[in-house]
Each structure stands twice: as C-alpha cells, then as structure tokens.
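The following note is set out as numbered points for a colleague reading the coordinates. Please consult it alongside the structure shown here.

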Amino acid sequence: MPSRRSLLKAGGVLAAATLAPGTAGTASAQTEDRSADPWHKVPDILRKIRPPRFPRRRWEVTAFGAVGDGTTDCTAAFKAAIAECHRAGGGRVVVPPGRFLTGAVHLLSNVELHVSEGGVIAFSTDPNAYLPVVFTRWEGTECYNYSPFIYAHGQRNIAVTGKGTLDGQARQGPWESWYANSGPQGADQRALRKMGDDGVPVEQRVFGAGHYLRPAMVQFVKCQNVLVSDLTILEPAMWTVNPVLSTNVTVRGITVVSTLYNTDGCDPEASSYVHIHDCRFNTNDDCVAVKSGRDADGRRVGVPSENIVVQDCSFSGRWGGVTVGSEMSGGVRNVFAERCVINSPDFPGNYPVKYPVYIKASKKRGAYVEGVYVRDFTGQNVDREVMFVNMAYQSNEQGTEPVSVRDIRMERTRLDGADAVLNLVGLETDHLAGVRLERCVFTNVTGPNTITFTDDLTLRKVFVNGVEQ
C-alpha cells in the first residue's frame with residue numbers, strides 16, 4: 001500500500017491544511033472544525049423521530065371478505081378494512097395467518113396494517129392490479145404511474161408492521177422482462193427523464209397502462225409519522241421501502257430479500273428525520289440508498305434528504321451498503337451510519353457488497369452531499385473498495401451544474417478483504433473535499449488506493465495490512 005505522503009500527493013490531492021475551494025477561514029479555524037465531532041447531532045435527531053401510535057382497535061381483513069387461500073383476490077377487502085379503520089379514527093387492520101392475494105393497498109391516516117406471523121400479503125403479478133395511476137416519484141422524477149404495491153399520499157400516522165411477510169412475487173410477474181437493460185422499460189425511462197429535463201408539467205407525465213415503469217414495493221409520498229417494522233419483504237419489482245418527501249420515518253427490524261435488478265432495500269428520498277435500524281438487507285442493488293430527486297426535476301422540487309440515522313444493520317448486496325445517490329439533485333446532508341455488518345456469515349447474501357460506503361454524484365445531478373459519517377462497521381469480503389466516492393457517476397450524461405461532495409468520514413471500522421480502501425473520484429472543476437479516516441483496520445487488501453481531485457484527505461491511525469498509512 002502507498003504511504004500517507006504518497007496518498008496526499010496522488011491525483012491532485014492537496015496538503016491536509018489546504019482549504020477546499022470556496023471555503024473561507026484560517027487554517028486554525030479549519031483544524032478546530034475538523035476536531036468537532038458530528039456525532040453529537042445524533043441524539044437530538046433521534047429524539048425528534050417518534051414512531052406513530054394507534055388506538056387499540058382492530059379490524060381483521062377476513063371480516064371484509066378476504067380469504068387466505070393464495071388465489072382469491074382480496075383487493076376490495078383490504079380497501080374496505082382500511083377505510084373502515086380510518087373512518088373510526090384509526091387502529092390496526094390485521095392480516096391473520098394465510099396467504100392473501102391482492103393488488104395495490106393504499107393506506108390512510110391513523111391506520112396500521114399489521115401482518116401477523118404466518119400471514120403473507122402476496123401481490124398480484126398483473127400490472128392492471130396497480131391501476132389507476134397515482135402520483136409518484138420514479139427514479140427521482142415525478143410522474144403518474146402504476147401504484148406502488150403499498151402506497152400512501154399525504155397521510156399522517158401510518159404503519160406496516162408484523163412478523164409476517166410481504167411477497168412481491170416479482171419473479172412470477174412481467175417485471176423482470178420490463179427491466180431497462182433488456183426490455184421495454186428503457187424507452188419509458190428515457191421519455192420520463194426527458195420530460196423532467198424539459199420541465200413538462202407533472203400532470204402530463206402519465207405512464208401506467210401501455211407503459212413499462214415498474215412500481216416500487218412500499219412507497220409513502222408526502223407523509224408524516226411513518227413506521228415499517230419487523231416484516232420480511234420478498235421479491236419487490238423495484239425499490240423496496242421508499243419514503244418520499246416524508247418526515248419522521250422509522251424502518252426497523254425488517255428483512256429484505258430481492259433478486260431482480262434495481263431492487264434497493266430502503267431509499268429515503270427527499271425525506272428528513274429517518275431512523276433505519278436492526279434491519280437485514282440481501283439485495284440485488286444498494287442496501288440503504290439516500291436520494292433526493294434526479295437532475296432538473298430534482299432541483300425543481302429542491303427538497304434535500306437530511307438527518308438520516310442507520311444503526312445495527314446487516315448488509316449483503318450487489319452494490320453499496322450505505323449509499324448516497326445517484327439521484328441526489330435536491331441535496332443530502334447529515335447521514336449517520338454505525339455498527340453495521342458487511343457480508344455477515346449469519347445472513348449470507350446472493351452477492352457480496354461491492355462498496356460499504358458508496359457516494360454517487362455528477363455534473364448532471366448537481367447539488368451537494370454534505371456530511372456522511374460512518375463508524376464501527378465490521379465485516380468481510382468486500383468485493384471492490386471500502387469507500388467509493390464517485391463525482392463522475394455515469395459520466396456519459398453531460399452536465400454543467402455545480403456539484404459539491406464534502407465531509408465524508410469513517411471511524412473505528414474493521415474490514416477483512418477488499419480490492420482497496422479508497423477510490424475517490426473528484427472533478428477537475430469540482431473537487432471532492434474533506435475525506436477523513438480515523439482508527440480503522442483493513443486486512444487482506446490487495447490493491448492500492450485511487451485518488452483524483454481530492455482536497456483535505458486525512459488518515460489518522462489507519463492500518464492497512466498491518467502498516468500504518
């Protein structure tokens with residue numbers, strides 16, 4: 001491995017005391033700022049996140065005609081039970097043991113959908129079961145599309161809980177054949193992105209029937225006080241848990257297993273005060289991916305994701321463990337992740353994590369990522385680099401927007417096995433600034449770091465294959 005001196009010289013890296021472009025102040029002020037511990041914000045963030053509570057009233061979906069035989073369409077029963085619960089002032093809609101087939105399920109304020117142990121909500125493989133279209137965000141661009149499998153818009157105090165299972169049945173439906181790299185989704189994907197770039201009014205961006213944009217599994221849009229808890233979630237058609245423009249969100253104790261491409265585990269998007277903890281992710285994409293909208297449409301909405309706390313999770317996935325982007329055009333700040341395990345032998349995944357920390361930005365996205373803090377990660381068999389910060393993500397997409405990525409920290413992390421520790425890709429026009437690793441141990445690392453256009457890189461008590469950097 002190269003020495004710390006060679007790291008600081010490589011690829012345009014400036015000396016540690018150099019101020020990042022556009023930063024005013026003295027070297028002593030910068031040193032003082034470096035010594036400040038951003039983790040002092042976490043207790044205050046967590047105090048502001050409170051899962052919703054519900055009246056002690058319950059409605060069983062079987063009382064509304066649902067049959068748990070796996071073949072009877074229970075869509076109307078779910079709708080009726082949720083409506084009755086909402087009209088009565090709230091409570092719990094209970095799915096008992098059995099396999100209940102349904103189309104889209106829409107939650108209303110003050111309703112907890114509770115899937116009992118032994119209960120399965122099996123989602124229809126017929127795209128028509130997710131019509132009419134609803135207002136949604138699809139890969140960070142607003143539109144009207146097939147309803148997510150479980151959906152809420154503009155609601156307060158909602159939850160999906162229980163020891164049961166949500167089964168997206170994605171392998172049995174058409175969703176895989178729609179995927180952008182091999183099917184007709186690509187044309188609709190390009191059309192929607194162009195609409196976003198051209199500023200086409202959102203009400204004119206109508207997809208759904210005759211189109212091929214796969215719906216998310218669980219999506220809450222413009223909601224407050226949200227809980228997703230304890231469930232096992234299998235085979236989503238696309239992103240799994242996707243709170244959008246929402247606040248006070250708790251995702252805890254869930255297990256996600258997804259095998260289709262582009263099936264992230266949890267995507268807080270343009271959302272604030274989000275707590276993701278004690279979850280297990282085995283995904284065919286990113287595990288936790290913080291987002292805030294795509295390109296011009298994301299900048300138009302202009303709402304950041306901020307004050308996100310991830311704790312005590314297990315990550316197995318085809319790409320990132322904790323990821324920011326690439327849809328981050330509304331900005332991202334204050335993401336904290338701690339005590340997470342990479343590629344745990346106790347929860348083996350279909351794919352090893354490529355990057356425990358993965359940040360994706362570009363001149364097409366614009367905006368900023370300020371403050372991603374990781375500590376006390378452990379694990380093994382990282383497929384590529386421990387930390388990949390790529391400000392030239394999808395560089396074939398031309399863009400001229402200013403983009404800022406700064407203050408990325410990793411502490412007290414121990415990982416065994418990786419191609420390299422760091423792959424830091426800043427831009428000549430927009431440097432990456434303020435990457436800090438401290439008190440970390442990496443073993444069985446096979447290659448050197450790659451560092452370009454990065455200012456203020458600090459390694460303190462970092463050991464790679466037994467050698468301090």
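1. Basis of the values. This is a predicted model, in which local features need pLDDT of at least 70 and side-chain atom pairs count only at pLDDT 80 or more, while totals for chains, interfaces and linings use all residues. Residues are numbered from 1 along each chain as its sequence is written, and side-chain values use heavy atoms, with hydrogens and water left out.

2. Confidence. The mean pLDDT (the predictor's confidence in each residue, from 0 to 100) is 93, and 92% of the residues reach 70 or more. Over residues 1-35, however, pLDDT stays under 50; the model has 58 contacts beyond four places in sequence for this segment.

3. Overall fold. The protein has seven helices and 37 strands, these being DSSP runs numbered from the N terminus (helices: H or I, at least four residues; strands: E, at least two). The radius of gyration is 22 Å, close to the 23 Å given by the globule rule for 469 residues, so the protein is as compact as a globular protein of that length. That radius is taken over C-alpha atoms, and the rule is 2.2 Å times the number of residues to the power 0.38. The C-alpha trace spans about 70 × 45 × 40 Å along its principal axes.

4. Packing. Of the 469 residues, 59% are buried (under 20% relative accessible area, with exposed over 50% and partly exposed in between; 1.4 Å probe, protein chains only). Among contacts (heavy atoms within 4.5 Å) with a separation of 6 or more, 77% are between residues 24 or more positions apart.

5. Cis peptide bonds. The bond from Leu131 to Pro132 is cis, with omega near 5°; Pro132 lies in the loop between strands S7 (119-123) and S8 (134-138). The bond from Gly325 to Ser326 is also cis, with omega near 0°, and Ser326 is placed in the loop between strands S24 (320-324) and S25 (332-338).

6. Positive phi. Asn262, although not a glycine, has a positive phi of about 65°. Asn262 is in the loop between strands S18 (255-257) and S19 (272-277) and counts as buried at 11% relative accessibility. Ala270, likewise not a glycine, has a positive phi of about 50°. Ala270 is also in the loop between S18 and S19, and its 3% relative accessibility makes it buried.
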